[in-house]
Amino acid sequence: MEYEKIKQLMDDMGNSKLTEINVDFPDGTKISMKKEIKQEAVLVSQTETKLINDGSNKIENIKEIVSNSEDKKDDGNIVKSPMVGTFYIKPSPTSEPYVEIGKDVKQGDTLCIIEAMKLMNEIESEFSGKIMEIFVKDGDAVEYGTDLFKIK
């Protein structure tokens, strides 16, 4: 396969919503590409809530919500689903799960698999710590942003 065609394939993958692709060509050439998805979290700060003040009690309620969300943040880090698909906690039905509650994980360890359009996408930990909670059952459908794990 020519360099220009490979470069075009890389550019097309970068501009698409695909996270992984494996291609086997008749001449025996094999190409595998995988891209990482980064998520951004938005947290409203107390200084931003002052802009909403209309003289009512709403400011106090918003400050309470912000402080509650900060308290939850201290409880641990939440790993969210980066895509829509089917959640699998183990690589195969007869295998041991990747993680269990109480297991220590390091950043980059595989936590689970999400199957999307017949592609198995390994979800890696963004955090190091201990698995405190697993929010989804094996085989459940998940949506983008679904809470999967709490790591503390």
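This report covers the composition, confidence and sheet pairing of a predicted protein model.

## Basis

The model is predicted: local features need pLDDT of at least 70, side-chain atom pairs count only at pLDDT 80 or more, and totals for chains, interfaces and linings use all residues. Residues are numbered from 1 along each chain as its sequence is written, and side-chain values use heavy atoms, with hydrogens and water left out.

## Composition and surface

The protein has three helices and 10 strands, where helices (H or I, at least four residues) and strands (E, at least two) are DSSP runs numbered from the N terminus. Along the sequence their pattern is α-β-β-α-α-β-β-β-β-β-β-β-β.

Of the 152 residues, 24% count as buried (under 20% relative accessible area, 1.4 Å probe, protein chains only).

## Confidence

Mean pLDDT (the predictor's confidence in each residue, from 0 to 100) is 77, and 73% of the residues score at least 70. Confidence is lowest in helix H2 (residues 46–49), with a mean of 45, and highest in strand S4 (residues 85–88), at 93.

Residues 45–53 stay under 50, and the model has 12 contacts beyond four places in sequence for them (contact: heavy atoms within 4.5 Å).

## Sheet

Four strands form an open antiparallel sheet in the order S7-S6-S4-S9. Strands S7 (119–124) and S9 (141–142) are at the edges with a single partner strand each, so one side of each has no neighbour in the sheet.

S4 pairs with S6 (residues 110–116) in the antiparallel sense over three bridges; pairing requires at least two DSSP bridges between two strands. Phe87 stands opposite Ile114 in S6.

Technical notes
Buried < 20%, exposed > 50% of the residue type's maximum accessible area, 1.4 Å probe, protein only.
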